[in-house]
Amino acid sequence: MHALFFVLAIPLFGGAVLAITGHRDFARNINVAFSLGTFMAACALTAQVIANGPQLVWGKQFFIDPLNVFLVTLTAFVGLTTAIFSRPYMRIEQDHGKMTPPRMRLYHGMYQLFSFTMLLALTTNNLGILWVAMEAATLTTVLLVSVYRTAASLEAAWKYFILCGVGIAQALFGTVLLYMAAEKVLGPEGATLLWTSLDAIKTQLDPAIITLAFAFLFIGYGAKVGMVPLHSWLPDAHAEGPTPVSAVLSGLLLNVAMYAVLRCKVLTDGALARPLAGQLMMGFGLLSVVVASFFLSRQKDVKRMFSYSSIEHMGLITFAFGMGGPVANFAGLLHMTVHSLVKSAIFYTVGHATQKAGTQVMSEIRGLIKVNPTVGWGMMLGVMAILGMPPFGVFASEFLILTTAMREQPWATPFLFLALGVAFASVLVRVLPMVFGETQLKALAHPPALLPVFVHLALALVLGLYIPPYLNAWYVQAASMLGGR
């Protein structure tokens with residue numbers, strides 16, 4: 001049986017099981033077990049792709065190639081480490097009375113279903129199923145964000161649902177337009193929504209229809225990426241939902257939405273004689289970097305601050321893919337990987353820090369290095385990594401993006417340097433007192449799960465120094481497929 005079956009079936013079955021048993025004490029371990037099974041299945045799928053190359057599965061409805069295979073493994077890996085982190089975290093939330101048994105059942109069930117929807121979106125070859133998976137991911141995360149049932153969490157979930165619902169409706173209209181363009185070439189009986197079929201005839205697609213289709217698709221999936229001006233749901237969702245949800249939102253869901261944009265960009269570039277898709281991505285990507293960087297300096301809530309950091313980095317990734325070309329695309333793929341690893345690690349430490357302090361207000365969180373050195377050092381190293389300090393992988397990807405911008409888009413370089421400088425100062429000036437300031441905090445009742453933090457940071461460090469051959473080959477092949485200059 002194909003490994004893809006287990007990649008999709010395990011989290012789907014896990015969601016069904018935990019929807020029934022998720023309130024029991026052993027549910028936290030069951031959640032980890034299902035996530036581990038998904039990760040092992042993803043590794044098996046990766047091995048199949050290494051051995052046999054890109055694969056069409058189940059009547060061409062699913063497609064695995066260099067662009068999505070590493071994202072599948074990354075998604076399963078971060079899903080596993082976040083499940084490990086959430087074991088003690090959610091136990092403490094339950095001890096504090098924030099999580100009742102029905103809420104725990106909802107949390108664990110939706111966590112597995114969320115993993116399933118992301119993996120489905122990444123592996124499907126059908127752009128219609130991709131849209132359905134993205135909509136399902138929205139619905140599951142709305143329930144996860146609102147799980148505390150406070151007024152603030154319900155408001156955040158409602159804003160998330162409305163903004164992303166409007167966005168996903170635009171993406172649906174764009175998908176319908178894409179079908180219209182494909183039907184003129186393939187006929188009504190053709191595989192008009194299969195990406196591989198569309199890629200084969202992309203030069204024959206009607207440029208006028210494709211232009212309009214990409215505009216709607218970019219708005220729709222761009223809202224899920226968190227690009228300005230459709231970004232306001234993201235800080236609220238991060239601030240009011242459980243910290244494990246913040247980790248998977250920043251570390252995984254934004255990547256999946258970006259993946260959807262990239263698949264659409266490939267088709268648009270092939271159909272048009274001008275780089276419209278790249279220009280739109282550069283414009284809105286740069287706007288997101290600049291706006292998010294200046295919003296960073298105004299934040300008082302630690303989770304909101306790091307959510308704006310996610311918007312900044314996704315803007316940088318969008319800008320890189322907008323420039324196109326082998327180097328910029330390679331840098332964008334690398335940045336997607338290291339941002340997922342580092343940002344999720346930061347949220348793990350933020351979760352423990354806010355539980356210790358009983359607040360998310362940064363001015364009231366002090367002395368983490370004294371209360372728990374591993375939490376303090378984990379946060380400090382994570383922040384240095386996400387700010388682009390060498391030799392972490394974020395430095396390598398940002399260096400490639402900036403040097404490519406200097407050569408290809410020199411007009412944008414001053415804005416990028418200014419934004420990154422403001423972001424560096426804004427984050428560092430707030431994190432240093434949190435880690436090294438004086439404090440009266442006491443240790444947590446349960447030892448925090450910090451192994452995922454240092455595993456993620458170690459991987460980000462390795463990727464800054466050495467990229468394994470298979471991963472490098474996937475990046476190169478995917479960068480070539482994405483095209484551009």
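**Notes on helices, cores and cysteines in a predicted model**

1. Ala-33 lies in helix 2, where helices are DSSP runs of H or I with at least four residues, numbered from the N terminus. Ala-33 counts as partly exposed, at 44% relative accessibility; buried means under 20% relative accessible area, exposed over 50%, and partly exposed in between, with a 1.4 Å probe and protein chains only. The C-alpha atoms of Ala-33 and Gly-14 are separated by 9.1 Å, although these residues are 19 residues apart along the chain.

2. This is a predicted model, in which local features need pLDDT of at least 70 and side-chain atom pairs count only at pLDDT 80 or more, while totals for chains, interfaces and linings use all residues. Residues are numbered from 1 along each chain as its sequence is written, and side-chain values use heavy atoms, with hydrogens and water left out.

3. Helix 19 (residues 469-482) has 14 residues and reaches 20 Å from its first C-alpha to its last, close to the 20 Å expected at 1.5 Å a residue; the expected span is 1.5 Å times one less than the number of residues. After helix 19 comes Gly-483, whose phi is positive, near 70°.

4. Within helix 19, the buried residues are Leu-471, Trp-474, Tyr-475, Ala-478, Ala-479 and Leu-482. They cover an arc of only 130° around the axis, which puts them on the same side of helix 19; the arc is that of the directions from the helix axis to the C-beta atoms. On the other side of helix 19, Pro-469, Tyr-470 and Ser-480 are exposed. The buried residues of helix 19 pack against several helices, including helix 2 (27-52), helix 10 (243-271) and helix 18 (451-465), where contact means heavy atoms within 4.5 Å.

5. A nonpolar core is a set of buried Ala, Val, Leu, Ile, Met, Phe, Trp, Tyr and Cys residues joined through side-chain atoms within 4.5 Å. The largest such core has 158 residues, and among those that touch the most other members are Tyr-221, Met-258 and Phe-321. Helix 10 gives the most to this core, with 18 residues. Leaving aside neighbours within four places in sequence, Met-258 is in contact with residues including Val-225, Met-281 and Phe-321. A second, separate core of 16 residues includes Phe-319, Met-323, Ile-401 and Ala-412.

6. If a disulfide is a pair of cysteine sulfur atoms within 2.5 Å, the count comes to 0 disulfides. Cys-164 is in no disulfide, and the nearest cysteine sulfur, that of Cys-264, is 16 Å away. Cys-164 is buried, with a relative accessible area of 0%, whereas Cys-43 is partly exposed at 34%.

Terms used. Helices (H or I, at least four residues) and strands (E, at least two) are DSSP runs, numbered from the N terminus.
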